Amino acid sequence: MSSEVHETDPAGYVYRIGTEEEGMQWIGRESASIEQPYPIDVEHIEHFAEGIQDPNPLYWSEEFGRQTRWGGRIAPWGVIVLTAEHKVWRPQWMDQRPETGTFFMTVPLPGNRLLATNYEIECFAPLRPGDRVLKTERLESIVPKTFRVGVGHQVTVKAFFRNQNGELCITDSRTVFRYRSGTGAGYEVAH
Amino acid sequence: MPLPPVIDTRYDEVEIGQEIPAIGIGPLSHTQFVFIASSHHDWYPAHHDVEYAREQGLPDIFMNATWQHGMFQRLLCAWAGPNAIPRRIAYRMGRPIVRFDTVHARGVVTGKRIENDLKMVDLDIWLDKQDADKVTVGTAVVVLAA
C-alpha cells in the first residue's frame, strides 16, 4: 500500500482514511470490469436458499425449472454475493493485507466501520449454475449523517453484474453508513 | 419428493390493496446467524460476534442486508409463481433484526400496469418482528407470467 492513511477494523477490513472533501471528489468514479473468482454453482444456490428457508423449487430442482420459462434451475438474486472472494485469509496476505476492493472502503473518508442502511436490487435476467459473473461498481453519492452508532457518511455504491455473454443480469445499489468507531450514543443491549 | 405443480398468479387476479400471503422465520438462533455469515461469505463480525456488535454500539448481532433481500424475494416469488420475476426490490433497514427475533415478511399490492407488454405489479413490502412492526420497509415491482 502507499503512504496513504489506512485503518483496519477488528474484522481485518482495511479502510482508506481521508476527509469528507477528499471523498466527495470520488463521486462518479467507476471501477474496471472484474470477473468474479467463483462462477454460480448449485452449492451456492442451495446454501443461500437454506439460510432463508426458501422452498422455491426453482432453486432446488432442475426438472422443475425445465417446466418453466427459465428452462432449468436459476439462482436467487442474492447469490451474487457468493461469487466474490471470501476475504478472510489469503496466502498473499501473510506480509500485508491489501485494501478491500470496493468503494465502500477505498473512498477516503474519516469512517472506519460500516453499517448497511438501504438496499435496492434489480434483476433483468436470472443467473444460472455455471454462469461466470463480471462486476463493475460506480460510486453514486456520499451524504454526511449521524446515527445512533456514530458520526459518518452514507455511501451509495451501485454494482452491475453481467454474465459471460455480457448480458446485464442484476444491478445492486447499496447504501452503507461509514462511521467512526466510538462517536455514537449506541443502542441498549438486547437481552 | 414429488415436484409441485407450476402455478402462477394471473394479472387479472391481482387487486390493488390485496395483501399477499406472509412468510415467517424464527426465532433466529445464534447458529442461524453464523450459518448466514457463512452462506453469504459475509464475515463482518457484527453479524456473528456478539461482543463486537455491542462494542460498536449495536444491541446484538444483526441480520445482513442480503438476508433481508432473500426474505423479500421468497415472499414475492411464493406469491407470484415460478414464471414471474421480481424486477426490483428496494428497502430501508431501520431497527436491526437480532438473535431470537421471529421475522415475518409481508406485502400489499399498490398498483398494476402493463408496460411494453409486461404485466407489472407494484407492492409495498416490509418486515415485522415479534415486538416491532415495519423494522424494514420498502417497495417492489414484480413482472408476472405472460
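How many bridges join β6(A) to strand β7 of chain A? The legends below give the answer. The model is predicted: local features need pLDDT of at least 70, side-chain atom pairs count only at pLDDT 80 or more, and totals for chains, interfaces and linings use all residues. Residues are numbered from 1 along each chain as its sequence is written, with chains lettered from A and ligands numbered from 1 in the order in which they are written.

**View 1. β6(A) beside β7(A).** The two strands run antiparallel, joined by 11 bridges. Strands are DSSP runs (E, at least two residues) and helices are H or I runs of at least four, numbered from the N terminus. Strands pair if DSSP finds at least two bridges between them. A:Ala159 has A:Asp172 of β7(A) as its bridge partner. The hairpin has 5 residues between its strands, and A:Gly166 in the turn has a positive phi of about 85°.

**View 2. β5(A) beside β6(A).** Strands β5 (residues 134–147) and β6 (residues 150–162) of chain A pair in the antiparallel sense over 13 bridges. A:Lys145 stands opposite A:Gly152.

**View 3. Chain A against chain B.** Here 47 residues of chain A are in contact (C-beta atoms, placed from the backbone, within 7 Å) with 43 of chain B. β4(A) gives the most to the side of chain A that touches chain B, with 10 residues.

View 4. β4(A) pairs with strand β2 (residues 85–93) of chain B in the antiparallel sense, over 5 bridges. A:Ile121 has B:Ile89 as its bridge partner.

Technical notes
Contact = placed C-beta atoms within 7 Å.
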